[in-house]
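These are my notebook entries on one protein structure, set down in the order in which I looked things up.

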Amino acid sequence: LRSSGWLSNKHECNWTPMVQCDIRTGSTVSKLNITNFNLEGKLPKELSSLQYATHLDASQNLLDGGIAEATSGWIDLQELRLANNRLDAVPQVLGAMTSMTHLDISGNSISGAIPEFLAFMNNLIHLDISSNSFSSTIPDYMGGNLPNLSSLYMHSNQLTGNMPQSICNLRQRSLSHLSVDCGVGREIQCDVPLCCTVCNGYDF
């Protein structure tokens with residue numbers, strides 16, 4: 001950070017490799033990569049000034065707070081990666097980020113039902129909620145309201161019940177990768193045998 005980042009007295013577009021700026025302007029931050037920085041608590045609210053950011057990767061930190069203050073006004077955010085932190089809830093602000101195509105909140109401590117506000121993120125292509133403690137059933141909207149999904153990873157949770165028919169229908173169109181938990185006591189039932197791509201892990 002001292003030689004190439006916040007404390008270097010350099011312009012933020014020269015904070016390599018953490019920051020990428022829009023090549024058209026040369027001064028507008030478009031991508032921010034702060035993975036594995038041992039960040040704790042919440043993302044700092046000062047990040048809200050990066051209102052034209054399209055990509056944020058804050059994976060592999062110790063974050064356990066919200067992101068609303070940091071990302072307020074980030075209406076163009078397309079990719080958000082918060083994997084392997086200590087989050088215990090899905091940030092509700094995500095419901096307003098309708099431009100997002102990639103969301104990764106895997107490897108956290110999120111429990112309860114999959115939140116309904118994810119249904120508003122209908123441009124999602126990649127959604128990874130694996131390795132959490134989600135429970136209850138898989139909501140039907142995940143197939144009906146997210147028509148562009150190509151990858152949906154839900155393994156290593158506590159989900160039960162049947163795979164919604166809407167997701168199986170999506171497997172015939174855009175959805176190429178689908179993972180769920182399979183096994184005695186916590187199996188997702190697939191009435192259509194070819195609906196589930198793989199059990200208990202990634203398929204790549």
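I looked up the surface first: the protein chain exposes about 10100 Å², and carbon and sulfur atoms supply 47% of that area, where accessible areas come from the Shrake-Rupley method with a 1.4 Å probe and, for residues, only the protein chains shown count as cover. I noted that this is a predicted model, in which local features need pLDDT of at least 70 and side-chain atom pairs count only at pLDDT 80 or more, while totals for chains, interfaces and linings use all residues. Residues are numbered from 1 along each chain as its sequence is written, and side-chain values use heavy atoms, with hydrogens and water left out.

Next I checked burial, and found that 47% of the 204 residues of the protein chain count as buried (buried is under 20% relative accessible area, exposed over 50%, partly exposed in between, with a 1.4 Å probe and protein chains only).

For secondary structure I recorded three helices and 15 strands; these are DSSP runs numbered from the N terminus, helices being H or I with at least four residues and strands E with at least two.

My next entry concerns N108, which sits in the loop between β7 (102-104) and β8 and is buried, with a relative accessible area of 8%. Its contacts (heavy atoms within 4.5 Å), leaving aside neighbours within four places in sequence, include L82, R86 and S131. I also noted that the side chain of N108 reaches the backbone nitrogen of N85 at 3.2 Å.

Last I turned to D76, in the loop between α1 (68-71) and β6 (79-81). Is D76 buried or partly exposed? I wrote down that D76 is partly exposed, at a relative accessible area of 31%. Not counting residues up to four places away in sequence, D76 touches Y52, A53, T54 and S99, and its C-alpha atom is separated by 8.9 Å from that of H55, 21 residues apart along the chain.

Methods. Polar contact = N/O pair within 3.5 Å; in protein donor to acceptor, adjacent residues only side chain to side chain.
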